Amino acid sequence: MRIESALAIFFLFWFLSLFFVLPFHARRGESTQVAGQAESAPGEFRPWAVAGWTTLVAIVLFGLFYLNFVFGWITTDTLDWVNAPR
């Protein structure tokens, strides 16, 4: 796998991981609510914590993807249920 392809796939995993991690870091804080702000809105947002956790999750997912690429645990033949031998 070329480095450009690996970087592109890593960033795809990073943005996918962002949507996994983001809901876990939204904290409601009544003491930090601003007038006119919805009650369900997070009072405090920590972008560096979200970015750190997102990067960690993306590294794990990309590592699993790369190991599957190298060792071939799951291939296209494994996922071919239409033409599977009976």
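Biologist: Which residues does Ser 17 touch, not counting residues up to four places away in sequence?

Modeller: In this predicted model, Ser 17 has its place in helix α1. Once residues up to four places away in sequence are left out, the residues that Ser 17 touches are Thr 54, Val 57, Ala 58 and Leu 61.

Biologist: Is Ser 17 buried or exposed, and what is its relative accessible area?

Modeller: The cut-off for a buried residue is a relative accessible area under 20%. Ser 17 falls under that cut-off and therefore counts as buried, its relative accessible area being 0%.

Biologist: How many helices and how many strands does the protein have?

Modeller: Two stretches are of interest here, namely α1, which covers 3–21, and α2, which covers 47–71. For the protein as a whole, the count is two helices and zero strands.

Biologist: Which element gives the largest share of the largest nonpolar core?

Modeller: The largest nonpolar core is made up of six residues, which are Ala 6, Phe 10, Phe 13, Trp 14, Ala 58 and Phe 62. Two elements, α1 and α2, each give two or more residues to this core. The largest share, four residues, comes from α1.

Biologist: How far apart in space are Phe 10 and Phe 65, C-alpha to C-alpha?

Modeller: Phe 10 is found in helix α1, and with a relative accessible area of 18% it is buried. Leaving out residues up to four places away in sequence, Phe 10 touches Ala 58, Ile 59 and Phe 62. Phe 10 and Phe 65 are 55 residues apart in sequence, while their C-alpha to C-alpha distance in space is 9.5 Å.

Biologist: With which residues is Phe 13 in contact, leaving aside its neighbours within four places in sequence?

Modeller: Phe 13 is one of the residues of the largest nonpolar core, and ring pairs also link it into a cluster whose members include Phe 10, Phe 62 and Phe 65. With the neighbours within four places in sequence set aside, the contacts of Phe 13 are Ala 58, Leu 61, Phe 62 and Phe 65.

Biologist: Why is the pair of Trp 14 and Phe 15 edge-to-face?

Modeller: A search of the whole structure finds nine aromatic pairs. In the pair of Trp 14 and Phe 15, the ring centres are 5.2 Å apart. Trp 14 is buried, at 18% relative accessibility, whereas Phe 15 is partly exposed, at 49%. Planes over 60 degrees apart count as edge-to-face, and this pair qualifies because its planes are at 85 degrees.

Biologist: What is the angle between the planes of Phe 62 and Tyr 66?

Modeller: Phe 62 and Tyr 66 are four residues apart in helix α2, so about one helical turn separates them. Phe 62 is buried, with a relative accessible area of 16%, whereas Tyr 66 is partly exposed at 37%. Their aromatic pair is stacked, with the centres 6.3 Å apart and the planes at 25 degrees.

Biologist: What accessible area does the nonpolar patch on the surface have together?

Modeller: The patch is formed by ten residues that include Tyr 66, Phe 69, Trp 73 and Trp 81. Among them, Phe 69 lies in helix α2 and is partly exposed, with a relative accessible area of 46%. Together the residues of the patch have an accessible area of about 1100 Å².

Key
Residues numbered from 1 in each chain as written. Predicted model: local features only at pLDDT ≥ 70, side-chain atom pairs only at ≥ 80, totals over all residues. Heavy atoms only, no water. Core = buried A, V, L, I, M, F, W, Y, C linked by side-chain atoms within 4.5 Å. Buried < 20%, exposed > 50% of the residue type's maximum accessible area, 1.4 Å probe, protein only. Contact = heavy atoms within 4.5 Å. Patch = residues over 30% accessible without salt bridge, like charges linked within 9 Å, V, L, I, M, F, W, Y side chains within 5 Å. Areas by Shrake-Rupley, 256 points an atom, 1.4 Å probe, with all protein chains shown as cover. Salt bridge = Lys/Arg side-chain N within 4 Å of Asp/Glu carboxyl O. Phe/Tyr/Trp six-rings, centres within 6.5 Å; stacked < 30°, edge-to-face > 60°.
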